[in-house]
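Biologist: I am new to this structure. Please pick one part, look at it closely, and then connect it to the rest.

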Amino acid sequence: MELEGLNAIKQLDFRKCMQCGECTGSCPVSTKSKLNPRRFMLETAYAVTPVQYMTMYPPINIQERNELWDCTTCRTCSHLCPRDVDPMEVLIGLRGLLIEEGRVPSTLGEALEGVYKYGNPWGLSRSKRSEWATDLKVKYASENEKAELLYFVGCAASYDSRAQDVAKVIVKNLNTLGIDFSILGNKETCCGNEVYSLGEKGLFEELRDNNLSLFEQYGVNRIITTSPHCFHAFRNRYGKNLETQHYTMTFADLIDKGKVKFAGKVEKTVTYQDPCFLGKHNNIYDEPRKIIESIPGVKFSELRRSRVRGVCCEGGGGRMWHDIPGKRLAETRVEEALDIGAEILAVACPFCLLTFDDAIKTTGNEDKIQVKDIMELVAEAL
Ligand code: SF4
Ligand code: SF4
């Protein structure tokens, strides 16, 4: 179920929620935060159902519920809910109510303002968006140069120096395999996925409409994304039938068709972190593993908690700009990767890349394990 923020609250049949607590029990953030989706479901139900309930129970006072911002929108709760109620969408809707009142943590407010003014949550200049591609062989979409296949880079891979490495190897790998593609350059703007997750529906709709007209203007037929978050927005939140693939899907297809010939090896033990917006949101588990396992020399080792049981890196839902006290989930995941003997923690999402890069440093494990994007492993072996 994918409903739009507040609409989720209005349309939900709260009688379906049986207060089983599966959502709270499965929430990875509830171990370090007051976040309790089951309780939010109960209180929201009382707040939106007939008056007699409201005399028995006080209406929800969300103004004092700062833990709403702790949710990573990992979708574990909605995935496991036995009544298909979608508590994650309810939390997004409640965030929307706080946004309307201007009650947003300052760092998240700055991220939203950055998107509004500059098209990216870091508030960096639009004119610097494609600087990472300066020396690369890449085509820019224009009125005369239609982008039949668009590589949508995304904000993190456009501006963050570590994530830019991934954009560069994606371009390099596509060129090596002879794939014809274009980028939007400085005309690209935020996909809005995190804006939606923060409950800022108005800004999300503006970004969606801008992006859809850009795609139309430049004749875009197919899209490849760096980030599972952009992929999810285009595929599920734009309300259009856009032909969109995360790069793992594109490269797994190319491997299936025998178009990828590896010349080198990566002789390492590699594990893989399922990004929430590929796995739990879109059920894409096999494609990334297919790519990793096809690289000569790799010994693939699965994390004990993986696929539907995988654990979020804590970078989604706006949490890249809103830290909370306690051990970070990414730090726990680094330890779990070390426990199975992994030398490389492979990722397929810029947020995972950045949270794990940081977690490897904060846990003092720089000499034992590295985080690499799957495209970096492919580039090493092509
Ligand atoms: S939302 Fe679903 S998982 Fe959570 S308490 Fe209700 S029925 Fe259970
Ligand atoms: S989406 Fe994830 S972090 Fe948010 S309440 Fe559900 S399980 Fe917890």
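Modeller: Two residues are in contact if their C-beta atoms, placed from the backbone, lie within 7 Å. By that rule Thr-189 touches Gly-119, Leu-207, Asn-210 and Asn-211, leaving aside residues up to four places away in sequence. Before going on, a note on the model and its labels. This is a predicted model, where local features need pLDDT of at least 70, side-chain atom pairs count only at pLDDT 80 or more, and totals for chains, interfaces and linings use all residues. Residues are numbered from 1 along each chain as its sequence is written, while chains are lettered from A and ligands numbered from 1 in the order in which they are written.

Stay with Thr-189. Its place is the loop between strand E3 (182-183) and helix H10 (193-197). Helices (H or I, at least four residues) and strands (E, at least two) are DSSP runs, numbered from the N terminus. How exposed is Thr-189? It counts as partly exposed because it has 19 C-beta neighbours inside 10 Å. The cut-offs are these: buried means 20 or more other C-beta atoms within 10 Å of a residue's own, exposed means 12 or fewer, and partly exposed is in between, with C-beta atoms placed from the backbone. Along the chain, Thr-189 and Val-115 are 74 residues apart, yet 8.4 Å separates their C-alpha atoms.

The buried residues of H12 pack against strand E2 (149-152), H10, E4 and E5. H12 is mostly covered, with eight of its ten residues buried. Among them are His-229, Cys-230, Phe-231 and Phe-234. Just after H12, Gly-239 takes a positive phi of about 70°.

Right-handed means that, with the strands pointing away from the viewer, the path from the first strand over the helix to the second runs clockwise. Strand E4 (residues 222-225) and strand E5 (residues 243-246) run parallel and are paired over four bridges. Two strands pair if DSSP finds at least two bridges between them. Arg-222 has Glu-243 of E5 as its bridge partner.

The protein is divided into domain 1 (5-100), domain 2 (106-253) and domain 3 (259-381). Those bounds come from an automatic or database domain assignment. The C-alpha centres of domain 1 and domain 3 are 30 Å apart. Between these two, twelve residues of domain 1 are in contact with 16 residues of domain 3. On the domain 1 side, four of the touching residues are nonpolar, five polar and three charged. Here Ala, Val, Leu, Ile, Met, Phe, Trp, Tyr, Cys and Pro count as nonpolar, Asp, Glu, Lys and Arg as charged, and the others, Gly among them, as polar.

Strand E6 (residues 269-272) and E7 run parallel, joined by two bridges. Thr-269 stands opposite Lys-299 in E7. From E6 the chain crosses through helix H14 (residues 286-294) to E7, and this β-α-β crossover is right-handed. E6 is also joined to strand E8 (residues 344-347) by three bridges, again in parallel. There Tyr-272 has Ala-346 of E8 as its bridge partner.

Next, the ligands. A residue is near a molecule if its C-beta atom, placed from the backbone, lies within 6 Å of it. Ligand 1 has 15 residues around it, and Cys-17, Cys-20, Glu-22, Cys-23 and Cys-81 come nearest. Helix H2 (22-26) and helix H3 (37-48) are the elements that give two or more residues to this shell. H3 gives the largest share, three residues. By class, the shell of ligand 1 has ten nonpolar, two polar and three charged residues.

Around ligand 2 there are 14 residues, the closest being Cys-27, Cys-71, Cys-74, Thr-76 and Cys-77. Helix H5 (76-80) and helix H6 (87-100) each supply at least two residues of this shell. The shell of ligand 2 has nine nonpolar, four polar and one charged.

Most residues other than glycine have a negative phi. Arg-75 is not a glycine, yet its phi is positive, about 75°. Arg-75 sits in the loop between helix H4 (51-56) and H5. Is Arg-75 buried or exposed? Arg-75 is buried, because 22 other C-beta atoms lie within 10 Å.
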